[in-house]
Amino acid sequence: MAELKLKDVAKTYGGSVEVLKNIDLEIGKGELVVFVGPSGCGKSTLLRMIAGLEEISGGTLEIDGQVVNDVPPAQRGIAMVFQSYALYPHMTVRDNMAFALKLAKKSKEEIDAAIQNAARILQLEPYLDRLPKALSGGQRQRVAIGRSIVRDPKVYLFDEPLSNLDAALRVATRIEIAQLKESMPDSTMIYVTHDQVEAMTLATRIVVLANKGIAQVGTPLELYERPENEFVAQFIGSPAMNLLPGKITGTGAQTTVALDGGGVAVSNAPSTEADMGRAVKLGARPEDLLETTNQDGAYIFEGKVDFTESLGEVTILYFEKVNGADPVIAKLPGIHSDLRGRNVRLSAAPEKVQVFLDGRSLYYR
Ligand SMILES: Nc1ncnc2c1ncn2[C@@H]1O[C@H](COP(=O)(O)OP(=O)(O)OP(=O)(O)O)[C@@H](O)[C@H]1O
């Protein structure tokens with residue numbers, strides 16, 4: 001049974017501003033589901049509705065089979081960790097973690113045992129008697145997570161928990177969260193982030209929110225390798241997937257596309273005879289484009305390299321814009337700054353090429 005079930009959930013602010021609608025989603029026990037989407041798409045709103053901090057305007061939310069739309073936050077069995085930690089500055093780490101349990105009138109033995117357990121999991125034992133100001137940002141975030149763990153909730157909610165940390169600490173704390181999840185395999189977690197790497201590395205499934213609804217739900221690799229629509233194709237992955245206009249010239253188990261720019265590409269996405277001649281967008285990730293020096297073979301794109309960025313392990317090539325479209329971007333392993341100003345032909349393997357008809361991938365028909 002799903003731990004959490006959202007059925008046709010909607011959110012309207014002030015009776016007229018519709019933020020979310022038709023949200024259907026089931027989250028199973030032990031999952032770590034990450035919500036991503038453009039700024040303002042309603043990620044935090046959805047999380048806050050699950051927490052009970054925001055009213056649900058339509059539809060139902062079930063936790064463990066019980067509709068909880070009108071159940072107050074404290075009785076939902078949910079714990080939320082915010083980006084701002086929200087620790088009590090005048091209380092020690094131990095007292096911060098004990099606070100909710102004392103309010104719930106738990107015995108001293110129970111409280112001590114819960115704190116010891118959380119401190120062990122989060123490696124906070126040496127800091128239990130310190131005040132938050134004597135901790136690093138990462139340690140404070142661990143205390144905030146510890147406050148959730150002691151309550152043994154059914155569902156953990158994380159609202160951008162790492163966004164206040166600097167780059168190195170983000171990486172370290174991200175790994176700690178992954179390890180925390182592994183140490184609590186039955187706990188269910190929902191996590192909102194702007195950070196693609198967090199989403200890709202932490203999630204069992206990613207929910208992409210856009211245009212008031214869900215654009216796609218899937219494992220990180222499903223979203224990366226088989227995006228359902230152009231939106232997800234361009235949202236997941238950095239730099240974004242290239243989308244090139246063209247027409248279908250061959251159908252069947254594989255689809256051939258003649259690109260408006262002159263190239264030809266074959267995709268493993270299937271098509272039918274009725275698709276022949278239809279206008280499509282061809283999708284190829286920058287890292288899947290390969291330089292081809294074979295002048296006779298098929299190529300997807302040919303153009304002049306306008307600019308290069310060397311990141312050490314890879315070089316990002318930005319091609320000259322064609323007809324005002326976004327520039328084609330390729331990511332080649334190694335250092336290739338010598339390619340700037342040169343004409344380069346690119347191809348991609350058929351299993352790496354997506355075809356979007358009316359914005360939707362041929363893989364999903
Ligand atoms: N109390 C409110 N009254 C009216 N509109 C609101 C209210 N709270 C949020 N909104 C609107 O709802 C939309 C969704 O906001 P929300 O904070 O959930 O987005 P988000 O996806 O978490 O964004 P971000 O990534 O920028 O944090 C936004 O357009 C926001 O302006």
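Two strands are said to pair here if DSSP finds at least two bridges between them, and helices (H or I, at least four residues) and strands (E, at least two) are DSSP runs, numbered from the N terminus. With that in hand, Gly-246 has Val-280 in S14 as its bridge partner. This is a predicted model, in which local features need pLDDT of at least 70, side-chain atom pairs count only at pLDDT 80 or more, and totals for chains, interfaces and linings use all residues. Residues are numbered from 1 along each chain as its sequence is written.

## Two domains

The domain assignment of the protein gives domain 1 (2-233) and domain 2 (234-364); such bounds come from an automatic or database domain assignment. Their C-alpha centres lie 37 Å apart. Where they touch, domain 1 contributes 12 residues and domain 2 contributes 16 residues, with contact taken as C-beta atoms, placed from the backbone, within 7 Å. On the side of domain 1 that touches domain 2, helix H7 (220-225) and helix H8 (230-235) each supply at least two residues, and H8 has the largest share, 4 residues. That side holds 7 nonpolar, 2 polar and 3 charged residues. For these classes, Ala, Val, Leu, Ile, Met, Phe, Trp, Tyr, Cys and Pro count as nonpolar, Asp, Glu, Lys and Arg as charged, and the others, Gly among them, as polar.

## The largest nonpolar core

A nonpolar core is a set of buried Ala, Val, Leu, Ile, Met, Phe, Trp, Tyr and Cys residues joined through C-beta atoms within 7 Å. A residue is buried if 20 or more other C-beta atoms lie within 10 Å of its own, exposed if 12 or fewer, and partly exposed in between, with C-beta atoms placed from the backbone. The largest core has 90 residues, and those touching the most other members are Val-34, Phe-35, Leu-157, Ile-190, Val-208 and Ile-300. Strand S3 (residues 32-36) gives the most to this core, with 5 residues. Domain 1 (2-233) and domain 2 (234-364) both give residues to the core, so it lies between them.

Val-34 has Ile-206 in S9 as its bridge partner, while Val-208 is bridged to Gln-216 in S10. The hairpin of S9 and S10 has 2 residues between the strands, and Asn-211 there takes a positive phi near 50°. Ile-300 touches, among others, Leu-244, Leu-259, Leu-289 and Leu-346, not counting residues up to four places away in sequence.

Leu-317 is bridged to Ala-330 in S18.

The other open sheet has 6 strands in the order S13-S12-S11-S14-S20-S21, again with antiparallel pairing. Its edges are strand S13 (264-267) and strand S21 (360-361), each with a single partner strand, so one side of each is left without a neighbour in the sheet.

Here are some of the strand pairs, side by side:

| Pair | Sense | Bridges |
|---|---|---|
| S3 and S9 (residues 205-210) | parallel | 4 bridges |
| S9 and S10 (residues 213-218) | antiparallel | 5 bridges |
| S11 (residues 242-250) and S14 (residues 279-284) | antiparallel | 6 bridges |
| S15 and S19 (residues 343-347) | antiparallel | 2 bridges |
| S16 (residues 301-310) and S19 | antiparallel | 4 bridges |
| S17 (residues 314-319) and S18 | antiparallel | 5 bridges |

## Around the ligand

The shell around the ligand includes Tyr-13, Val-17, Val-19, Lys-43 and His-194, where near means a C-beta atom, placed from the backbone, within 6 Å. Strand S2 (17-28) and H1 are the elements that give two or more residues to this shell, and H1 gives the most, with 3 residues. By class the shell divides into 4 nonpolar, 7 polar and 1 charged.

## Ser-57

Finally, a look at Ser-57, which lies in the loop between helix H1 (43-51) and strand S4 (58-63). Ser-57 counts as partly exposed because it has 16 C-beta neighbours inside 10 Å. Leaving aside residues up to four places away in sequence, Ser-57 touches Ala-10, Lys-11 and Thr-12. Ser-57 and Glu-18 are 39 residues apart in sequence, with 9.5 Å from C-alpha to C-alpha.

Technical notes
Two residues are in contact if their C-beta atoms, placed from the backbone, lie within 7 Å.
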